[in-house]
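Hi everyone, thanks for coming. Today I'd like to talk about aromatic rings, so let's get the picture up on the screen.

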Amino acid sequence: MTSAVNVPLRYTDPDHQDAHQFLVEEAATLDRQDFAGWLRLLTEDIRYVMPVRVTTARGAGFDSLADMGHFDEDMYSLRKRVERFGTQYAWTEDPPSRTRRLVTNVRTFRTAPGELRVESYLLLFRSRGDTREHDLLSAGRADTLRPAPGGHRLARREITVDESVLRTQNLALFL
């Protein structure tokens with residue numbers, strides 16, 4: 001028997017529509033480089049993680065390293081990263097990246113009272129400077145959204161990249 005928590009909401013459900021709009025607006029906020037605005041979309045107890053993917057044999061039972069991540073952050077570290085962008089020490093983003101985030105395949109599930117689990121796919125296009133090759137980064141995301149005054153807030157994001165070896169020069173971006 002399938003539990004209600006594993007059944008995605010219909011696309012016409014207002015909670016799904018709210019979650020989808022949240023993700024689209026979040027992507028637009030990040031593409032505008034409004035990082036302070038992005039922080040306001042997060043809960044104070046945010047957990048933002050991106051485990052390291054590994055290539056394993058079929059049946060190994062894992063495809064990421066449980067004790068290693070590209071990101072494992074909380075609100076304190078995310079705020080520090082945003083603050084650093086405003087300093088002369090943010091050389092990984094000088095010149096700033098030009099980005100376009102495409103968010104697709106959004107599926108929404110009801111979990112704890114009022115909370116939503118939202119699965120989505122992300123394709124990030126990134127260009128820096130005039131001579132470097134552009135980056136494409138493909139990933140799946142599993143988010144927890146909590147209700148808050150004026151809408152939802154992101155309480156947890158787990159990012160699962162589709163590559164074991166990332167080809168981008170740095171990961172100074174938020175996914």
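Predicted model: local features only at pLDDT ≥ 70, side-chain atom pairs only at ≥ 80, totals over all residues.

Let me show you two of them.

Here's Phe35 with Phe85: the ring centres are 4.8 Å apart and the planes make an angle of 45°, which is called tilted. Now look at where they come from. Phe35 belongs to helix α2, residues 35-39, and Phe85 to helix α3, residues 75-85, so this pair ties together parts that are 50 residues apart in sequence. Are these two buried or partly exposed? Phe35 has a relative accessible area of 17%, so it is buried. Phe85 comes out at 22%, so that one counts as partly exposed.

Next up, Tyr48 and Phe71. Their centres are 5.5 Å apart with the planes at 40°, so this pair is tilted too. Tyr48 sits in strand β1, residues 42-53, while Phe71 sits in strand β2, residues 64-73; they're 23 residues apart, and the pair links distant parts of the chain. Tyr48 is buried at 0% relative accessibility, and Phe71 is buried at 7%.

Now let's zoom out. Phe35, Phe85, Tyr48 and Phe71 are among the members of one aromatic cluster, which also includes Trp38 and Phe174.

Notes
Residues numbered from 1 in each chain as written. Heavy atoms only, no water. Phe/Tyr/Trp six-rings, centres within 6.5 Å; stacked < 30°, edge-to-face > 60°. Helix = DSSP H or I, 4+ residues; strand = E, 2+ residues; numbered from the N terminus. Buried < 20%, exposed > 50% of the residue type's maximum accessible area, 1.4 Å probe, protein only.
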